[in-house]
Amino acid sequence: VVEGEWAGREAGVRKGPCVVECFFCATCIAPEPHLAECREVLAKVGTLIVHLDDIYDVHGTLDELEAWCDVSEAALPEYMKAMYSAIVSTSVTAAGRVLEKQGYDVLPLYRKGWHELCKAFLVEARWQVQGIVPSFQEEIPQQRAGDVDGSSPAAPRPAYRNP
């Protein structure tokens, strides 16, 4: 099933309804017409998170994933460099819009959010490699890494809230 959803390791692009699902989710979060830019960013971030999760769950080796968490871009294979570039580009573009419209520099928050999410994905990848099934108490902190608390990559909504 997983192999059928991937165009290939080199391309790093997942096929299927991911983009549409992320857009509908973004529409539920920010339904007002004046939040169109916010929906766009949320849909892109959601799609990137799904792809990143697939890299951590299926495609990356522990060495590659640790290099990713350390942001050692030179040590990354090509498919991860493409993902890294997409995350940086999306974050910089979104942060630039917020800075221009709201006067807030949210790029450090985006960087922190992505880093925290990657650390949580790395813990889960280690569990998978070691065959560990975490308890509920062990799993909760990993799930919270993606919460929208202002440090998450999904933080653009509050920044776009006031038109």
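1. Before the helix pairs, a quick word on terms: axes are lines fitted to C-alpha atoms, for helices over the stretch in contact, and angles run from 0 to 180 degrees between N-to-C directions. Also keep in mind that this is a predicted model.

2. Take H2 (residues 36-59) and H5 (residues 107-130) to start with. Their axes sit 9 Å apart, at an angle of about 30°. That makes H2 roughly parallel to H5, since angles under 35 degrees count that way. The crossing of H2 past H5 is right-handed.

3. What does that contact consist of? On the H2 side there are Val-45, Leu-48, Ile-49, Leu-52, Asp-53, Tyr-56 and Asp-57, and they meet Trp-114, Leu-117, Cys-118, Phe-121, Leu-122, Ala-125 and Gln-128 of H5. Sorted by class, that gives 11 nonpolar residues, one polar and two charged.

4. Next, H3 and H4. Here the packing angle is about 25° and the axes are 12 Å apart, so H3 and H4 are roughly parallel to each other. This crossing is right-handed too.

5. Now the largest pocket, which holds about 310 Å³ of space. It has 13 lining residues, and Tyr-84, Ile-87, Val-88, Arg-111 and Trp-114 are the closest to its centre. Helices H3 (62-69), H4 (78-102) and H5 each give two or more residues to the lining. By class, the lining has 10 nonpolar, two polar and one charged residues.

Terms used
Residues numbered from 1 in each chain as written. Predicted model: local features only at pLDDT ≥ 70, side-chain atom pairs only at ≥ 80, totals over all residues. Heavy atoms only, no water. Helix = DSSP H or I, 4+ residues; strand = E, 2+ residues; numbered from the N terminus. Parallel < 35°, antiparallel > 145°, perpendicular 65-115°, else oblique. Left-handed = near helix turned anticlockwise from the far one by under 90°. Contact = heavy atoms within 4.5 Å. Nonpolar A, V, L, I, M, F, W, Y, C, P; charged D, E, K, R; others polar. 1 Å grid on protein atoms, 1.4 Å probe; cavity = no way out; pocket = protein on both sides within 12 Å on 5 of 7 lines; lining within 4 Å. Points joined across faces, edges and corners; volume = space filled by probe spheres on them.
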